[in-house]
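Here is a short report on a sheet and the nonpolar cores of one model. The structure comes first, then the reading.

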Amino acid sequence: MSEAYARAVDAILERDVDLVIHSGDVFDSVRPATHVVVHFLKQTARIIGRNIPYYGIAGNHETPRLRATTAALEYATLVGARFVHGFEPDYGAVEVRGARVGLSLVPHGAVADREVVVTPGRDDDISILVTHGTVPGLRIRGHELGEVDLPGHVLDGSFDYVALGHYHYFHPHRPNAYYAGATERFGFGEADSRPGFALVEFDGEGVRVEHVPIPCRPMLDLPRIDASGMDAAELTEAIRERAGRAEIDGAVVRLKVVEAPRGAAAGVDREVLRELRRRCLDFSLEISEAGAEEAAGGEETAGAAFGPLEEEFRAFVERRRESGKIGRTFAERFLEAGLGYLRRAGEEGPAA
Ligand SMILES: [Mn+2]
C-alpha cells in the first residue's frame, strides 16, 4: 500500500464510475502497519464520500491463518466500504441506475481449501462474481502456474462478469472474466507490467473491459551483460554502455552481470557507479561470477545460495515478503538499509 492506491483512487474518481470493486490483496500482510491501514481508509473514504458503493474481498496475503483473528480489512466497514474477508462466500446487492447489481463475494479464505459453488442471485439484473486466486491455464512468462485455487466450477456460474484478483497483470481469462492487475509493481519480475485497474462497462448486451493505467515510477531491467573474459575496465565500459542506452534518470534500474571473471566486479570504476546511483532513483548492479549460474541451477531459481550477497539478500527479503511474514513497507526499508550497508562495505573495502 503506497501512493499507488491514492493515484488509483484519483483515476477512479475522474471516471464517474457507479461502483468500485477490489478483488483482493489490499494489504500484503495479515497485520499491516497502522499508517498503511490509515492511508487505505483515508483514500477509500474519498470514494465513499462521492456516494459510490465500494465492495471487496480479502486475498491470500491478508487472510489470517487462524479463523479467530480479525482481518485488518474489517476497518473498511468503518468508512462505509464492504469487504468480505472470512472463510465463507457472501452476497451483496446494490441499485445502480435502476439496475440491481448482485455481487457474489468469494474471498480467498473461501476457496483456499475446499469446494465452493456460487450462483448469481435470482433477481440480479447484472451479476458479478468477485474472487481471488489462480485460474486454470494461467500462464506467466510461458510457464503455467502449477497451483490452481480457482477450479473451473467456481467460475462456471453464469455471471455477467467475474472480477479476478491475485495475478498482478491486467489479463483476460475469458471475455467476461479479467484480472484487473495491480496498482503498482512488486519487484523487477514485474518491470514490464503497467500498473492500473480494469474499467468495466455493461450496456445491456454484454460487457466491455478496458485497462486504465495509472502513473508509476519507471522501472527498467537492462539487458544483462555477459562478462566472460572481461577485465574490470571492460566491464565498467559495458555497464556505462548499457546505462547510456536507456532513460535511466529517476527510474528504478537493475543491471545483471553474469559470468564475471573472479575479481572483475571489485575493480569496476566506483565513480561510474556513484554517478549511476545519483541519476537513478535506485540503481542495482547484480554481478555473479563465472560458474555461479550453473551452480545455482539457472536464473529462474529464486533464492539460490550461490549468488552474490546483494542478490541473496534481495531474495531473502522477497521470500519473507511473499510469505506474508513482513509487510511491503517494512520490506522496502529493510532492503534499502541492508543494501546500503553492503554497498558501503563494498566501497570502503576490507582496509577501512
Ligand atoms: Mn494474491
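## Nonpolar cores

The largest nonpolar core holds 49 residues, and Val106, Ile128, Val130 and Ala163 have the most contacts inside it. Such a core is a set of buried Ala, Val, Leu, Ile, Met, Phe, Trp, Tyr and Cys residues joined through C-beta atoms within 7 Å. Buried means 20 or more other C-beta atoms within 10 Å of the residue's own, exposed 12 or fewer, partly exposed in between; C-beta atoms are placed from the backbone. Another core lies apart, with 18 residues, including Met219, Leu235, Ile239 and Phe283.

The model is predicted: local features need pLDDT of at least 70, side-chain atom pairs count only at pLDDT 80 or more, and totals for chains, interfaces and linings use all residues. Residues are numbered from 1 along each chain as its sequence is written.

## The sheet

An open sheet of 6 strands runs in the order 4-5-6-9-11-10, with mixed pairing. Strands are DSSP runs of E, at least two residues, numbered from the N terminus; two of them pair if DSSP finds at least two bridges between them. Strand 4 (90-96) and strand 10 (171-174) are at the edges with a single partner strand each, so one side of each lacks a neighbour in the sheet.

## Around strand 9

Strand 9 (residues 161-165) has 5 of its 5 residues buried. Tyr161, Ala163 and Gly165 point one way, Val162 and Leu164 the other.

Strand 6 (residues 126-132) pairs with strand 9 in the parallel sense over 5 bridges. Thr131 has Leu164 as its bridge partner. Strand 11 (residues 177-179) is also parallel to strand 9, over 3 bridges. There, Ala163 stands opposite Tyr178.

Key:
Helices (H or I, at least four residues) and strands (E, at least two) are DSSP runs, numbered from the N terminus.
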